[in-house]
Amino acid sequence: MMQEKVPGGTQEAEGDASMPVAELRSVSKSFGSVLAARDLNLSIRQGEFLSFLGPSGCGKTTALRMLAGFETPTEGEVRIAGEVVNDLPSFRRPVNMVFQSYALFPHLTVAQNIAYGLQQQRPRPTREEVSAKVSEALETVRLAGFEGRRIWEMSGGQQQRVALARAIVNRPRLLLLDEPLAALDRKLRKEMQIELQDLQRSLGITFVLVTHDQEEALSLSDRICVMRGGRIVQIGSPRELYDEPASKYVADFVGTSNFFEGSIASKDGEQAVLKLADGQTMAGTCAPGLSVGDKACVSLRPEQIALENAASDGAHPVTVLNRIFLGEHTEYLVSSETLGNVIVLAPRQAERAGTSYNKGDKAWITWREDAARILLSEQ
Amino acid sequence: MRIYAFCVYLFLYTPIGIIALFSFNAGRHASQFQGFSVKWYGRALNNPFVMEALENSLMIAFTSAALASIIGTMAAVGLHSMRGPVRAIFDAVIYIAIMIPGIVIGIATLIALVTVFDVVNPWLAGLWADAEAAPQFSMGRGSVIAAHTMFTMALVVVIVRARLSTVEGALMEASADLYAPPWVTFRRITLPLIAPAIFAGFLLAFTFSFDDFIIAFFVAGSETTLPIYIFSSIRRGVTPEINAIGTMVMAASLILLIVAQLILRRDKKT
């Protein structure tokens with residue numbers, strides 16, 4: 001089945017929903033002496049929206065390019081629909097990619113760009129079939145009537161949509177998106193994010209997105225694969241990554257967090273107590289794989305810390321150092337004698353209730369014990 | 001500084017201007033202008049020797065430029081996907097081919113061809129039952145075409161390579177991603193994008209071959225190209241007829257060069 005690349009094969013081949021669309025099995029890739037990807041293991045589920053998230057050079061693009069067939073793994077297996085495709089050239093793989101630069105063919109019209117993949121199908125579809133599918137794809141990306149336009153006549157956002165249409169018109173098993181929104185301005189990016197998500201849901205195509213923008217990954221994905229230095233650090237839903245990060249790296253990369261370094265003093269099941277350098281202790285939920293004596297840190301999300309104007313049990317006295325208005329939130333930088341500088345995010349409602357603080361004000365911070373996560377400090 | 005530049009241009013272009021001017025001379029002496037006339041153009045175009053040489057030159061220029069465009073483009077595309085020392089060596093060799101003086105190429109090609117013919121011709125004669133009827137290689141149009149193709153191919157490679165380097169690599173990947181096998185990618189994406197450069201290369205190769213005297217002189221054998229005809233006529237004295245031929249050759253070459261430049265420049269903008 002994989003020998004003849006049949007775009008549009010999704011409909012017939014969906015049969016076994018439990019079978020992963022694509023898999024990476026112990027995949028490594030080195031360029032000369034540089035290891036770009038190490039021992040990647042991942043299975044991509046039918047119909048999901050998966051993101052590779054990480055800073056530049058973390059191996060996320062390499063992983064995507066191995067799925068597309070532009071790079072061959074040095075070790076391990078890439079499977080698509082259950083079959084090993086390591087040696088299958090990209091033009092035989094039932095996957096399509098939206099390139100970061102869009103890579104639209106400048107000498108072809110919009111319609112010719114979109115029809116390009118359809119025209120390679122065997123048996124060759126008729127002219128009418130092609131033009132009907134092209135129009136439908138253009139309608140899907142809200143560019144109906146743009147068939148005859150030239151690429152350079154289109155704005156960045158429109159080019160982005162054409163690139164998207166050119167890929168989805170083939171109904172690939174897997175749609176790969178390499179930082180597709182990076183070149184757009186913030187407002188347009190937001191719009192396109194929503195459209196991408198709608199598109200993915202209505203088409204039912206599996207999307208694999210590469211991004212360095214954690215906000216984008218959090219808002220779009222069903223699952224996020226966080227990468228660092230060529231390795232997969234954690235795979236999980238946005239919520240899991242945010243609420244239960246496996247390491248300090250993930251907690252730091254996905255969202256912002258306050259970290260308090262120390263070592264684990266005692267552990268009871270999931271609960272553990274961390275002893276800070278100055279001897280004070282902090283309790284919290286412990287990430288798996290940690291044991292007593294390990295160097296670890298407590299991670300506290302800024303929005304899970306409450307800023308109060310009166311002392312209560314277990315509250316830490318602080319001085320407000322700075323206040324930044326962020327619209328729906330206000331970010332406070334406070335300083336505690338015992339904990340150092342702490343970032344607190346207060347919702348607007350709190351401010352309306354009259355608990356607003358200015359630079360130099362005295363206040364107290366508290367948090368619920370289950371909001372504190374104890375993580376391995378690996379940096 | 002301005003006067004200096006003016007003098008340089010004067011020095012460069014006065015002889016050419018005089019040739020063009022005297023080609024319209026009504027009199028038959030090169031040194032005295034005796035009124036305007038285009039009769040020498042008519043005379044030149046009616047001269048069977050001139051026409052034969054012109055036909056040879058056009059045929060040689062067209063064939064060698066076409067061959068150079070095809071082979072040069074293939075070489076450029078091949079080199080483009082190469083990396084490392086192989087590519088560096090080939091690049092160097094191609095630039096050297098352009099910088100080597102024509103006379104060296106002429107002599108080298110002559111020696112190489114004579115050597116090859118000396119080996120191949122007796123061998124061919126041996127293959128045929130009747131040695132007299134066996135095909136034999138000799139100097140002529142073929143050898144001039146071969147020599148010109150070899151040299152002008154380097155020009156085409158350089159021009160096409162320059163264009164290829166501006167074509168985004170992701171376009172080829174996108175084509176492969178859209179199920180196009182390498183050949184289809186070449187035909188539908190790469191070739192249309194580099195076509196202006198290939199055409200410009202063809203025009204330059206044509207001009208070069210059409211104007212070339214040195215290499216052709218060495219390897220043409222008994223064949224006469226237009227520059228060779230001009231050279232041999234000059235030995236009998238410069239006539240207005242020669243001036244007319246020279247002016248026509250110059251005009252044709254200039255037009256081709258300008259067209260090639262326009263294509264390359266417009267190409268850069270898009």
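## The sheet of chain A

Strand S1 (residues 22–31) and strand S4 (residues 75–80) of chain A are joined by 5 bridges and run in the antiparallel sense. One of these pairs links A:Ala22 to A:Ile80 in S4(A). The model described here is predicted.

Strands of a sheet pair through backbone hydrogen bonds, either parallel or antiparallel. In chain A, 4 strands make up an open sheet with antiparallel pairing, in the order S2-S1-S4-S5. Strand S2 (34–44) and strand S5 (83–84) of chain A lie at the edges; each has a single partner strand, so one side of each is left without a neighbour in the sheet. Helix H2 (residues 60–68) of chain A packs on this sheet and touches S1, S2 and S4 of chain A. The direction of H2(A) makes about 115° with that of S1(A).

## Two helices of chain A in contact

Helix H3 (residues 110–119) and helix H4 (residues 127–140) of chain A have axes that come within 9 Å and cross at roughly 125°. This angle makes H3(A) oblique to H4(A), and the crossing is right-handed.

H3(A) contributes A:Ala111, A:Ile114, A:Ala115, A:Leu118 and A:Gln119 to the contact, while H4(A) contributes A:Val130, A:Lys133, A:Val134, A:Ala137 and A:Leu138. By class, these residues are 8 nonpolar, 1 polar and 1 charged.

## Where chain B meets chain A

The contact between the chains takes 16 residues from chain A and 15 residues from chain B. On the side of chain B, helix H7 (169–177) and helix H8 (182–211) are the elements that give two or more residues. H7(B) supplies the largest share, 6 residues. The residues on this side of chain B comprise 12 nonpolar, no polar and 3 charged.

Methods:
Residues are numbered from 1 along each chain as its sequence is written. Chains are lettered from A and ligands numbered from 1 in the order in which they are written. This is a predicted model: local features need pLDDT of at least 70, side-chain atom pairs count only at pLDDT 80 or more; totals for chains, interfaces and linings use all residues. Axes are lines fitted to C-alpha atoms, for helices over the stretch in contact, and angles run from 0 to 180 degrees between N-to-C directions. Angles under 35 degrees count as roughly parallel, over 145 as roughly antiparallel, 65 to 115 as roughly perpendicular and the rest as oblique. A crossing is left-handed if the near helix is turned anticlockwise from the far one by less than a right angle, and right-handed if clockwise. Two residues are in contact if their C-beta atoms, placed from the backbone, lie within 7 Å. Ala, Val, Leu, Ile, Met, Phe, Trp, Tyr, Cys and Pro count as nonpolar, Asp, Glu, Lys and Arg as charged, and the others, Gly among them, as polar. Two strands pair if DSSP finds at least two bridges between them.
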